[in-house]
Amino acid sequence: MPFTEYRAYLKNRNKIVNVTKINFVEEYIEYFDDKGNTLIAVFKEIELSQFIGLYAKENIPIYENDIVKFYDKNYLVKYDKDCASFIIYNEELKEKIRFADRNNKKMSVIGNSFID
């Protein structure tokens with residue numbers, strides 16, 4: 001999947017696509033299908049995920065809602081309003097870890113929260 005600033009999970013298709021345009025006024029996104037056609041999805045049919053500005057091992061871009069493996073534990077990438085930044089979070093351990101000291105380079109993106 002090529003790099004973009006945003007990806008969207010299409011709820012009705014159980015698919016993640018790269019967003020090519022966002023219209024906040026009319027509340028829709030545009031994306032390309034597998035044949036290169038431009039398609040539209042309205043906000044209520046999608047979940048947006050933003051590129052967090054960091055890369056995991058092997059220069060894989062990290063997005064909000066990705067699942068990363070970090071020291072043999074799985075974490076969800078999410079925005080934390082308390083610290084006003086993206087973090088990784090392990091629900092079972094109730095553990096929050098901030099991105100610091102290049103720890104993102106020790107992470108592997110293994111999936112996302114939308115598709116198993």
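**Cavity and salt bridges**

A: The largest cavity holds about 40 Å³ of space, a volume being the space filled by probe spheres set on grid points that are joined across faces, edges and corners. This is a predicted model, in which local features need pLDDT of at least 70 and side-chain atom pairs count only at pLDDT 80 or more, while totals for chains, interfaces and linings use all residues. Residues are numbered from 1 along each chain as its sequence is written, and side-chain values use heavy atoms, with hydrogens and water left out.

Q: How is a cavity found, and how many of 30 Å³ or more does the whole structure have?

A: Rolling a probe the size of a water molecule over the atoms shows where empty space is left. On a 1 Å grid over the protein atoms alone, a cavity is a set of points where a 1.4 Å probe fits but cannot get out. The search of the whole structure finds 1 cavity of 30 Å³ or more.

Q: Which residues line the largest cavity?

A: Lining residues have an atom within 4 Å of a point. Here they are R7, A8, Y9, I16, S49, E64, N65, N112 and F114. Strand β1 (residues 6–10) gives the most to this lining, with 3 residues; strands are DSSP runs of E, at least two residues long, numbered from the N terminus. By class, the lining has 4 nonpolar, 3 polar and 2 charged residues (nonpolar: Ala, Val, Leu, Ile, Met, Phe, Trp, Tyr, Cys and Pro; charged: Asp, Glu, Lys and Arg; polar: the others, Gly among them).

Q: What counts as a salt bridge, and which residue pairs with R7?

A: Side chains of opposite charge can pair when their charged atoms come close. The rule asks for a side-chain nitrogen of Lys or Arg within 4 Å of a carboxyl oxygen of Asp or Glu, and the count comes to 7 salt bridges. In one of them D66 pairs with R7, the closest N and O atoms being 2.6 Å apart. D66 lies in strand β7 (residues 66–70) and R7 in strand β1, so the pair ties together parts that are 59 residues apart in sequence.

Q: Are D66 and R7 buried or exposed?

A: Buried means under 20% relative accessible area, exposed over 50%, and partly exposed in between (1.4 Å probe, protein chains only). D66 is buried at 1%, and R7 is buried at 13%.

Q: Where does the salt bridge between K15 and D34 lie in the chain?

A: K15 and D34 have their closest N and O atoms 3.4 Å apart. K15 is in strand β2 (residues 15–23) and D34 in the loop between β3 (28–32) and β4 (38–42), 19 residues apart. K15 is partly exposed at 23%, whereas D34 is exposed at 74%.

Notes:
1 Å grid on protein atoms, 1.4 Å probe; cavity = no way out; pocket = protein on both sides within 12 Å on 5 of 7 lines; lining within 4 Å. Helix = DSSP H or I, 4+ residues; strand = E, 2+ residues; numbered from the N terminus.
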